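Notebook open, model loaded. I want to look at the sheet first, then the cores, then the confidence.

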Amino acid sequence: MMAEDVQHQQKSSFNGLSKSAKAGASKKLVIKNFKDRPKLTDSYTEDTWLKLRDAVSAIQNSTSIQYNLEELYQAVENLCSYKVSPMLYKQLRQVCEEHVQAQIHQFREESLDSLSFLKRMNRCWQDHCRQTIMIRSIFLFLDRTYVLQNSLLPSIWDTGLELFRTHIVSDAAVQSRTVQGILEQVERERSGETVDRSLLRSLLGMLSDLQVYKDSFEQRFLSETTRLYAAEGQRLMQERDVPEYLHHVARRLEEENDRVISYLDQSTQKPLIATVEKQLLGEHMTTILQKGLRTLLDENRVCELTLLYELFSKVKGGLTALLQSWREYIKSVGAETVCSPERDREMVQELLDFKDQMDSVTQSCFQRNESFINAMKEAFENFINQRPNKPAELIAKYVDSKLRAGNKEATEEELERILDKIMIIFRFIHGKDVFEAFYKKDLAKRLLVGKSASVDAEKSMLSKLKHECGAAFTSKLEGMFKDMELSKDIMIQFKQYMQNQTEPSNIELTVNILTMGYWPSYTPMDVHLPAEMVKLQEVFKLFYLGKHSGRKLQWQPTLGHAVLKTEFKEGKKELQVSLFQTLVLLMFNESDECSVEEIRVATGIEEGELKRTLQSLACGKARVLNKTPRGKEVEDGDRFHFNSDFRHKLFRIKINQIQMKETVEEQVSTTERVFQDRQYQIDAAVVRIMKMRKTLSHNLLVSELYNQLKFPVKPADLKKRIESLIDRDYMERDKENSNQYHYVA
């Protein structure tokens, strides 16, 4: 009846519009209100509600609805249009509440096991949600008009949640059984059993939707998680080794993250992962590091070290603890290498390999963390200086072994890479003057004996040292190269000079002119040279001093070498020998057999040097002399004769390697020279400081000296040098305060 009235009114209104449109020139659309609002019959509201209630009951009981849904929606709209909304909302809430209250009885059964209870709860929740959605679709007009306009009223969906929360989930027994059941399922899954994740996801979603997730479930869940992993951590730390334990922790964290994705609320992720990390890692950091870090690093377990870093970076204070243990490990391993004299032969190579390994760990496992790189540098600097001077000496000798001719193990590119690595180790050394002294001595031998592998490699090393230590450090070394180049030019001029001589010599002489301040100091040794050699020396001296008046030439036979043409039964050979070896061998042109004493008197070679020379000729690989009695050592009573039966596959045989070997005396004298130079440097520094400051206390002077000196020095040594300067009247003690010094002008 009402619908017909509306249609009639609309029809008449449109007719009126069409007539007025014809009359005027311009068309206007005019919408008018109903003249009279249709009235509802007295019974319409009650009848319509009964119809709606039946529909709601049918939905709640999962039976078929007798009415068309569109018809029901229209009925709600009609009631709302006539201001019946408050009553309609109240009646709907009451019907829904009565239904939800009736559901609680199915959860009172004590015989239900935990899983069945959860399934029943889930089914009840799913039915409730489906029913609420259908009811809301019928009462949508009410929801979007009346409820929306009243901010204090919950929507139909929220009302459904509120009723379910109030009458079902907030029931203490029901909530307790639900949460306990979920926790049991989670624990079973953690033990390796398979559980119904969709059931857990639905039930936890229910608690979240009902806004009781945090209070009712999360707190208990985290508490249970703490208990479980605390016990597991304690047990497994004792049962398993560290690599296995780390993989277990990573697997557990992955599992817990997967639980968050699968069924836990997203808000639980942070506290859950933090709990697992604390119980499995945070509580056992010290044990893990003490028990396993050294093994992982010794065995270069890249995978586990990467995992260790990733896991520890998640725990508060984890990286700090790892950093400290890493630093201590490097110090410990490095000190074992550096402070063991029996490992000196391999020390530098071991340090280079160790540095490579530690670099690889920081790059691959520790994500190039600056703190770890700096800690590594500090640790290297710490342990390499625990044994003063020796590492510097051995590094210089290692460089020598790489830059010598005959080092076929490396190409130029590889050699450059090795030198770069050595420079990294060299940076950590405090007493760089020791390195300089030994490097200079070895460089001199390489240059003078012609044993340098490559001039480019030598100059490359020199530029690296210059870049690292400054021009003052390498000025003498550069001077040595300049001397060698100048000597070449002088020898070209000397050869031209010799061609103009009336009496040409059958010996070809090559002389290296060395500036005394640049080269290591050699002990002068007067040996008896053959007359022909002495004559040549005089010719050269005349030639050189003619060009450079006012200079003094001092001949150094120690590093002289020669090529001797020799005849054996097998045929002619050339022997590349040292000058001392030359003098010994030339004696056998005059005599078939000589004693040690006879050779010493004839050559004038110092006894220790002579024994080394004879040993190299009679006891080495190329035995051009025979010794009686046979043996590896040369004794005073031994006699030597020329070995005419000597055989060798090569035409030119090198026997002068003895010149490249360092004697104990050489090593001691080089070290002593370094210490002597240090004393001069300390003296100079003290005088320089006192001259500038005039008066200074002992402690301030020592502090200033430590700032200026570039090598390690003990306070006692500084005190000795100060005393020495006081004795020599460079400074004096204050008469009233013995700790105060005055500069003496």
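Started with a strand pair: β1 and β2 (residues 571–578) run antiparallel to each other over 8 bridges. I count strands as DSSP E runs of at least two residues and helices as H or I runs of at least four, numbered from the N terminus; strands pair when DSSP finds at least two bridges between them. I looked up T566 and found K573 in β2 as its bridge partner.

Ground rules: this is a predicted model, where local features need pLDDT of at least 70, side-chain atom pairs need 80 or more, and totals for chains, interfaces and linings use all residues. Numbering runs from 1 along each chain as its sequence is written, and side-chain values use heavy atoms, without hydrogens or water.

Next, the whole sheet. It is open, with 3 strands in the order β1-β2-β6 and mixed pairing. β1 (561–568) and β6 (652–654) are the edges; each has a single partner strand, so one side of each lacks a neighbour in the sheet.

Then the cores, meaning sets of buried Ala, Val, Leu, Ile, Met, Phe, Trp, Tyr and Cys joined through side-chain atoms within 4.5 Å, with buried set at under 20% relative accessible area (1.4 Å probe, protein chains only). The largest has 150 residues, and F139, F217, W326, I330, F435 and Y439 touch the most other members. Helix α20 (residues 432–448) gives the most to this core, 9 residues.

Last, confidence: pLDDT (the predictor's per-residue confidence, 0 to 100) averages 86 over the chain, with 93% of residues at 70 or more.

Definitions and conventions. Buried < 20%, exposed > 50% of the residue type's maximum accessible area, 1.4 Å probe, protein only.
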